[in-house]
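Here's a quick tour of a protein chain, with an eye on what sits inside it. Take a look at the model, then read on.

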Amino acid sequence: MASIVECSVHPVVLFTIVDSFERRQDQHARVIGTLLGTNVLGAVEITNCFCVPHNESEDEVAVDIEFAKNMFDLHKKVNPAESIVGWYATGHGITEHSVLIHEYYSRECNNPVHLTINTSLSNQEMAMKAWLGNTMGVPGATQGVVFTPVSFKLVSHEPERVALDTLIQGKSPTTKTVDIFSDLNHVGRACYKLKEMLSAVISYVDNVLVSS
């Protein structure tokens, strides 16, 4: 079983999680769901997700496993390259029910990643953390699961970056409409960024030559 060496998350995953939280029923304090993506030699890339209905109280938690399996089968028909890599939950962090839910996902994939999203927007920030569950205890006796944090990074493909840039333009409450750049404008902006990077490289090489 390969250990997780790095974890990356795409923006569409975060948008989907926030959307599922906003659409939750009033009696539910949080939402959970399945994370989809790839795991290549311990490098996990989370590219998609879907919400899974559940009910929980102080004493118990019930997850609609049949729904989760049916949704995953449908996703596999659309994108066979994606597999289950873990699960997510909104809230401040690990709860007493996290171990039970993690046990289910441990049967669906090796080393499932648990992603927590704090949607309370404390300090105007949406805190995110990634966790791995490690088994501890005496072999052959009672064992438990301890969640340890794992570093992760946000990554995006170029089309995702274009969409994010457009969304950022509309973050001001006074902005009613946002102009979408044409293909030619995107090419111009890309060329400008390339020129800046080339200038930085040339400046670095010139400094090296002068110092030598």
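## Checking a helix

To get the expected span of a helix, take 1.5 Å times one less than its number of residues. Keep in mind that this model is predicted. With 12 residues, α1 should span 16 Å, and its end C-alpha atoms sit 17 Å apart, so the two agree.

Which residues of α1 are buried? They are Pro11, Val13, Leu14, Ile17, Ser20 and Phe21.

## The chain overall

The protein chain has 5 helices and 10 strands. Of its 212 residues, 29% are buried. Its accessible surface is about 13700 Å², with carbon and sulfur atoms accounting for 57% of that.

Now take the contacts between residues at least 6 apart in sequence: 59% of them link residues at least 24 apart.

In soluble globular proteins, nonpolar side chains tend to be buried together. Here, the largest nonpolar core has 20 residues, and Val13, Ile17, Leu35, Val44, Ile46, Tyr88 and Leu115 have the most contacts inside it. At least two residues of this core come from each of β1 (6-9), α1 (11-22), β3 (43-52), β6 (83-90), β7 (113-117) and β8 (128-137). The top contributor is α1, with 4 residues.

Zoom in on Leu35: leaving aside neighbours within four places in sequence, its contacts include Val13, Ile46, Trp87, Tyr88, Val113 and Leu115. Asn48, Ser83 and Gly86 are also among the contacts of Leu35.

There's also a second, separate core of 14 residues, with Leu36, Phe50, Ile101 and Cys109 among them.

Technical notes:
Residues are numbered from 1 along each chain as its sequence is written. This is a predicted model: local features need pLDDT of at least 70, side-chain atom pairs count only at pLDDT 80 or more; totals for chains, interfaces and linings use all residues. Side-chain values use heavy atoms; hydrogens and water are left out. A nonpolar core is a set of buried Ala, Val, Leu, Ile, Met, Phe, Trp, Tyr and Cys residues joined through side-chain atoms within 4.5 Å. Buried means under 20% relative accessible area, exposed over 50%, partly exposed in between (1.4 Å probe, protein chains only). Contact means heavy atoms within 4.5 Å. Accessible areas come from the Shrake-Rupley method with a 1.4 Å probe; for residues, only the protein chains shown count as cover.
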